Structures are given as C-alpha cells and as structure tokens.
Amino acid sequence: MRPNLLPALLAVSMLSACAAPGVEFIPSRKSAVELRVIQARAVPADADTTVRGVVATLHDLGYRITRVEPEARTISATRHATLRMAVVVQPRGETESLVRANASLIDPLREAQVDSAEFYQRNFFEPLGAM
C-alpha cells in the first residue's frame with residue numbers, strides 16, 4: 001500500500017465510526033388487510049372537500065402540516081415531533097371519498113407503526129367526521 005493512502009483510509013474509517021446509526025422501523029404485527037380496516041373510512045364528501053377537511057382536522061388536533069400534495073391527495077403532518085401522520089384521500093364517485101391514515105411513533109432510534117383501532121377512531125376519524 002502506498003504511504004500517502006494510509007492516512008486517507010484512516011480518516012475515512014474514523015469518520016464512518018461517527019455516523020449516526022440508522023432508524024429502526026418497527027412494523028405492525030397485524031396483516032395488511034387488518035391495517036386497512038383500522039386505517040380507512042369512507043367519507044360522504046368529494047375528494048377536494050375531504051382533503052381540505054383532513055388538513056383542517058389535523059391542524060385542529062395540533063399537528064404541524066409538513067406536506068400537502070393536492071394532485072396525489074396526500075397530507076403529511078407531525079405532532080410534538082414524536083407522532084407522524086400520513087393521510088391519503090381517494091375519490092369514490094362524485095360524493096364520497098376513502099380516507100386512509102397511517103400513524104407512526106418516532107423516537108431518535110426507532111419508528112413504530114400505530115396499529116390501534118381505537119387510536120385512529122378517537123384521534124382522527126371522529127374529529128374528521130365532525131367537519
């Protein structure tokens with residue numbers, strides 16, 4: 001090995017030791033079908049009205065809206081930097097929409113998917129239904 005290459009390799013190895021560890025994602029133990037039942041509800045409104053309602057509901061619940069993609073009808077939001085919510089609105093005809101919410105709890109080293117039916121009902125769908 002050439003002598004001038006050794007210090008460069010040593011520096012790279014020291015810097016890589018300082019790199020932050022990756023975030024571990026902890027998925028739900030429930031099946032995709034079970035999660036879909038928990039996370040999705042039909043809403044009696046067109047998709048555009050429903051997107052506005054989702055944004056307003058998340059805002060009223062104390063979430064910080066981090067991203068809205070109007071064409072894709074997706075909304076991302078965080079609350080207290082430890083709870084992340086992603087919501088997708090799909091049209092089902094002209095007067096109904098399907099809303100699917102996906103929540104994750106976040107700490108510095110882990111992200112865990114929320115799979116409690118009660119959480120989604122009480123902390124998202126009931127307030128959304130009151131819009």
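1. Start with Arg67: at a relative accessible area of 52%, this residue is exposed, since the cut-off for that label is over 50%. Keep in mind that we're looking at a predicted model here. Arg67 has a salt-bridge partner, Glu69, and their closest N and O atoms sit 2.7 Å apart. Glu69 comes out as partly exposed, with 27% relative accessible area.

2. How many salt bridges turn up when the whole structure is searched? The count is 4, and the Arg67 and Glu69 pair is one of them. As background, side chains of opposite charge can pair when their charged atoms come close.

3. Next, have a look at Arg84 and Glu111, whose side chains form a salt bridge with an N to O distance of 3.2 Å. Arg84 belongs to strand β5 (residues 83-91) and Glu111 to strand β7 (residues 110-113), so this pair ties together parts that are 27 residues apart in sequence.

4. Is Glu111 buried or exposed? Glu111 is buried, at 17% relative accessible area, because anything under 20% gets that label.

5. Arg122 counts as partly exposed, at 48% relative accessibility.

Notes
Residues numbered from 1 in each chain as written. Predicted model: local features only at pLDDT ≥ 70, side-chain atom pairs only at ≥ 80, totals over all residues. Heavy atoms only, no water. Buried < 20%, exposed > 50% of the residue type's maximum accessible area, 1.4 Å probe, protein only. Helix = DSSP H or I, 4+ residues; strand = E, 2+ residues; numbered from the N terminus.
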